[in-house]
Amino acid sequence: MAETAVARETLSTLRETIARLEGRPIPALTAAAYETQAAEPDAGSADTAQSLLATGVADLDEAMQGGVPLDALTEIRSLALRHAGAASAFTLALAARLGAQVVGKTATVSPVLWIVDTVAAMEAGLPYPIGIRDFGLEPAGFLQASPRKLDEALWLAETALASAAFAVVILEVRGNPARFGLTESRRLALRAKAAGRPLFLLRQGGEEEASSALFRLSVEPAPALARPLPDGSMLGGSIGHPAFRLTLEKSRNPAPFSITLEWNAHDRQFSSVPDAQRPAFPGEHAAHSGADLSASADRPDRPQALGPLLAYSRPA
């Protein structure tokens with residue numbers, strides 16, 4: 001079964017590479033690769049429900065075949081380093097939801113290991129205990145490691161997965177390092193599968209590339225949803241729940257799937273935000289904005305008509 005899984009993974013990766021070279025959508029070919037896999041019996045199908053982390057949002061869980069796999073590599077990507085906070089927050093929310101799912105099944109909850117990329121941390125910062133607690137995680141069960149080199153980070157991720165001591169291992173990388181490619185991601189994916197533990201690859205400001213991740217999601221920040229006041233009016237621009245715009249880039253779906261989510265840290269639950277209720281970023285028309293005002297005709301910053309021109313000869 002392991003050799004068959006590796007062969008399927010290699011075939012899927014080749015299809016991704018060909019799609020990228022030909023300029024075709026990657027998810028379309030990825031879906032074709034999984035059709036064959038879905039047609040064959042899976043010896044571990046009885047345990048499938050126990051190896052998934054449901055987000056609680058029906059549309060997203062359906063797109064991810066039930067939820068985030070808890071024995072595989074899942075990639076979470078920020079499109080730019082300025083979105084690192086949103087990608088990190090969404091990753092922490094998944095870890096917090098995993099902790100809430102474990103509670104009740106066992107008396108102890110395994111800690112979370114975050115392997116920090118030092119360069120990304122210098123630009124985007126690090127989680128701090130108060131923020132971790134407010135986000136739904138216990139600081140006592142949250143461990144950080146800051147390896148100086150990528151090779152050390154990869155070794156630490158493999159060792160942490162093999163130990164099965166952590167509820168989830170988060171490996172943060174910046175961009176698309178040359179020494180972290182398909183071979184390294186395959187090794188991590190196989191290690192996660194063997195250990196029965198999830199590995200979240202948090203790629204900060206990186207581009208899409210072929211990997212052994214079963215799913216890849218891109219994360220962007222989204223404005224907080226306006227809240228209704230007791231009198232029925234909407235309170236716009238206030239601090240609300242963290243919101244994310246997710247795009248499922250790699251999955252079994254034939255096309256990318258996008259959704260806006262809010263994270264309720266108190267209940268450790270996601271909820272979807274319909275586009276009709278989603279506030280807009282500056283430059284877009286927000287639901288709570290007032291009437292648009294026309295620009296004054298004599299504003300000083302309006303382009304002025306050119307006056308008489310004087311031509312200068314080009315110096316020799």
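Phe270 is buried, with a relative accessible area of 6%, where buried stands for under 20%, exposed for over 50% and partly exposed for what lies in between, using a 1.4 Å probe and protein chains only. The model is predicted, so local features need pLDDT of at least 70 and side-chain atom pairs count only at pLDDT 80 or more, while totals for chains, interfaces and linings use all residues. Residues are numbered from 1 along each chain as its sequence is written, and side-chain values use heavy atoms, leaving out hydrogens and water.

Let us turn to the rings. A pair of aromatic rings is described by the distance of the centres and the angle of the planes. Rings of Phe, Tyr and Trp (its six-membered ring) pair if their centres lie within 6.5 Å; planes under 30 degrees apart are stacked, over 60 edge-to-face, and the rest tilted. By this rule there are five aromatic pairs.

One of them joins Phe90 and Phe244 edge-to-face, at 5.7 Å centre to centre with 65° between the planes. This pair links distant parts of the chain, 154 residues apart: Phe90 sits in helix H4 (residues 84-102) and Phe244 in strand E11 (residues 243-250). Helices (H or I, at least four residues) and strands (E, at least two) are DSSP runs numbered from the N terminus. Phe90 is buried at 2% relative accessible area, and Phe244 is buried at 2%.

Phe90 also pairs with Phe270, tilted at 45° and 5.7 Å centre to centre. Ring pairs link Phe90, Phe135, Phe244, Trp263 and Phe270 into a cluster.
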